[in-house]
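Here are some friendly notes to read alongside the structure. Keep the viewer open and find each residue as it comes up.

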Amino acid sequence: MDEIRRLARLYGTSINALLRTEAVVTDLAPQFRRQYGRQDDAAEQAAKLLTELAQAEVELENLLGIKRSRNYPPERPILPGDVRAQAEHDALELRQWLGLGFNPVTDIVTLLELQLGVRVYIRKLDARVAGLLLLTKRWVRACS
């Protein structure tokens, strides 16, 4: 056990990461809106947190044999004409598809996670970071 602890310290990782049977690899490249050439440690820390949360959840699901299903609404093309009217129409169709009707959305997190299959993490972030969204072909994560 002492040798494993030393290895973890040497490689700057956790013992759990060393003992994993299967690594969860993410190839995230955060993109931020910010002034050109300006370094933003708060945004980088938030991106690191999101990556760690996503990796941990995917690893746990793999260990438990959980297959998360995605239930995304059908994509809508942008048609010629009034885009605002089309957006209103598409929003009403989406509300019907989700079974909301004209009722207010009382629990957006449950709606996103259970009905759509989107992962949502709620963590306190630096005030300079409003939130993060990660969209990949393999999984979707949101953190705010």
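Predicted model: local features only at pLDDT ≥ 70, side-chain atom pairs only at ≥ 80, totals over all residues.

A salt bridge here is a side-chain nitrogen of Lys or Arg within 4 Å of a carboxyl oxygen of Asp or Glu.

1. **A linked trio.** Begin with Glu57, Glu61 and Arg119, which are joined in a network of salt bridges. By the rule above, the count comes to six salt bridges. The next two points visit others.

2. **Pairs within a helix.** Find Arg5 and Asp2, whose closest N and O atoms are 3.0 Å apart in a salt bridge. These two residues sit three places apart in helix α1 (residues 2-11), so about one helical turn separates them. Arg5 is partly exposed, at 38% relative accessibility. Now look at helix α3, where Glu52 and Lys48 are four residues apart, again about one helical turn. They too form a salt bridge, with 3.8 Å between the closest N and O atoms. Glu52 is partly exposed at 41% relative accessibility, and Lys48 is partly exposed at 47%. Why does such spacing matter? An α-helix has 3.6 residues a turn, so residues three or four places apart point the same way.

3. **One more pair.** Asp126 and Arg128 meet through their side chains in a salt bridge, at 2.9 Å from N to O. Is Arg128 buried or exposed? Its relative accessible area is 57%, so Arg128 is exposed, the cut-off for that word being over 50%. Asp126, at 34%, is partly exposed.

4. **The overall plan.** Step back and look at the chain as a whole. There are five helices and three strands, and from the N terminus on they run α-α-α-α-α-β-β-β. Of the 144 residues in the chain, 26% are buried. The chain exposes about 11,300 Å², and carbon and sulfur atoms supply 54% of that area. Among contacts with a separation of 6 or more, 48% are between residues 24 or more positions apart.

5. **Helix α4 and its ends.** This helix has 15 residues, and its first and last C-alpha atoms are 20 Å apart, close to the 21 Å expected at 1.5 Å a residue. What caps the N-terminal end of α4? The cap is Asp82, with a side-chain oxygen 3.1 Å from the backbone nitrogen of Arg84. After the helix comes Gly99, which has a positive phi, near 80°.

6. **Two residues of α4.** Gln86 belongs to this helix. Its relative accessible area of 14% is under the 20% cut-off, so Gln86 is buried. The Gln86 side chain reaches the backbone nitrogen of Leu79 at 2.9 Å. Setting aside neighbours within four places in sequence, Gln86 is in contact with Pro77, Ile78 and Leu79. Trp97 is also found in α4, and at 36% relative accessibility Trp97 is partly exposed. Which residues does Trp97 touch, not counting those up to four places away in sequence? They are Asn71, Tyr72, Pro73, Pro74 and Leu116. Pro73 lies 24 residues from Trp97 along the chain, with 7.7 Å between their C-alpha atoms.

7. **A buried loop residue.** Leu125 is in the loop between β1 (119-121) and β2 (132-135). At 19% relative accessibility, Leu125 counts as buried, because buried means under 20%.

8. Where is Ile66? Ile66 is in the loop between α3 (41-64) and α4 (83-97). With a relative accessible area of 41%, Ile66 is partly exposed. A patch residue needs over 30% relative accessible area, so Ile66 clears that cut-off.

Note on methods. Residues numbered from 1 in each chain as written. Heavy atoms only, no water. Buried < 20%, exposed > 50% of the residue type's maximum accessible area, 1.4 Å probe, protein only. Contact = heavy atoms within 4.5 Å. Areas by Shrake-Rupley, 256 points an atom, 1.4 Å probe, with all protein chains shown as cover. Expected span 1.5 Å × (residues − 1). Polar contact = N/O pair within 3.5 Å; in protein donor to acceptor, adjacent residues only side chain to side chain.
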